[in-house]
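Have the model open beside you as you read.

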Amino acid sequence: MPNFLLLLLVVLRAVAAVTGDAAGDAADLCAGRRIHIRTLPPQFNTHLLRHCDASFPLADPSAVATFAPSCDSLANHGLGPRTHARSHSWYRTDARLFEPFFHHRLLERDCLVADPAIADAVFVPYYAGLDSLPYVLDPSLLNSSALHGASLAQFLAGDSPQILSRRHGHDHFMVLAGSAWDHSQPPHSEPRLWGTTSLVRLPEFENFTFLAFESRSWPWQEHAIPHPTSFHPASLQRLDAWLARARSSRRTTLMLYAGGVSRPSRPNIRGSILAECANRTDACVVVDCSAGKCSHDPVRYMRPMLGAKFCLEPPGDTPTRRSTFDAILAGCVPVFFEDAAARRQYGWHLPPGRYDEFSVHIQKETVVLGGVKIAETLAAVPDAEVRRMRERAIEMAPRVLYRRHGSTMELREAGKDAVDLAVDGALRRIRRRVLALDEGQPEMIYAQEDDNVEM
């Protein structure tokens, strides 16, 4: 049977297994959605929260201040402290603490089961980013960075091993508070690269689904989910109030760039943006986010974004940027310079087929090497088209924000946020993978046709 027919059969059977008939759905609302959360020794999660401020066991406190999250950031289950006393939705969120926040949100979900034998998926609440800190910060452990996650693999294989062996890990998923690139160094590579580990390359985890802020372009077990912003509403009223502000905000700036302002040593898109903004102060605003100035201070960039029509999102060390999601929340139309910045990353949250409705794409080579002026290109977009794109971006905003834990039922019923869509996507991928195994079609495991879903 041709491969495309096999794939069609697997997909159709997966849909049938998930949906069932109408009577079955009414009787079992958790069909295909049951999640078992593994109970791990605290050394793999809660004890890692001690790795903050000077409590991290390193001699150089300046390194800790740079790389380890502050203890203040642990407030509100990882959302961080409120930006100010009267704030109900804005927090000084440190993305490195996303793992405990995601864990807490998952504990609030329906359809959690204590018996892994009846679960459709198994969530492993490992705070991987925090556990990588010793290998990232301690020079004496640099050559041991391939051991990151090895203790967890040993525990999962030895404690109730039937949970892992039942489906060989294909039904397991984890979250990474960072880029998958940071944890994808080959285990046996020499010399070891500073700042990276081999977690996702360990053979014990090769069948797991990893949700990260940025995925690599080829591995089938990874998928990107939005970078967390500082906006975490707990009620529909507060979400609607913010979106109304974004819609009505007066936009007097053509374009805005928020990011590092150091000039690169060789020509690239970020350098071209900075040069053009320096010459077009009438059309461009630059928000200096160098040295982490914007990391925990959303007021610094959100207010200017509310006053801008377009937000420039050039790639940096890696293609994706948190600023993309801040811009969408602010109703500032994102301008991308390569597809890897978002279109190829966030298919569960931002359907690729709709990017032209809420964003602008300018190929970076045409700017860096071809003399294309960004301001002229954006100024040529008709005002009616800008308003339409802004409205579409604001419509997308609830899909990319992480609402606060303990949110009202009204907000939860209004629509799915980034956590809901991430879990739905992981369940969808796991169901297809397990069905392919059950059908004796292991080659179908690697198909990803369901990864980019339409709204």
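The second largest pocket holds about 440 Å³ of space, a volume being the space filled by probe spheres set on grid points joined across faces, edges and corners. A pocket here is an open set of points on a 1 Å grid over the protein atoms alone, where a 1.4 Å probe fits, with protein on both sides within 12 Å along at least five of seven lines; lining residues have an atom within 4 Å of a point. This is a predicted model, in which local features need pLDDT of at least 70 and side-chain atom pairs count only at pLDDT 80 or more, while totals for chains, interfaces and linings use all residues. Residues are numbered from 1 along each chain as its sequence is written, and side-chain values use heavy atoms, leaving out hydrogens and water.

Of the 15 residues lining this second pocket, Arg33, Arg109, Asp110, Arg403 and Asp420 lie nearest its centre. Its lining comprises 11 charged, three nonpolar and one polar residue, with Asp, Glu, Lys and Arg counted as charged, Ala, Val, Leu, Ile, Met, Phe, Trp, Tyr, Cys and Pro as nonpolar, and the others, Gly among them, as polar.

Now turn to the largest pocket, with about 1,800 Å³ of space. Its lining has 47 residues, and Ala95, Arg96, His227, Ser295 and Asp317 lie nearest the centre. By class, 21 are polar, 16 nonpolar and 10 charged.

Finally, look at Met305, which touches Leu256, Cys311 and Ala327, among others (contact: heavy atoms within 4.5 Å).

Note on methods:
Lists of a residue's contacts leave out its neighbours within four places in sequence.
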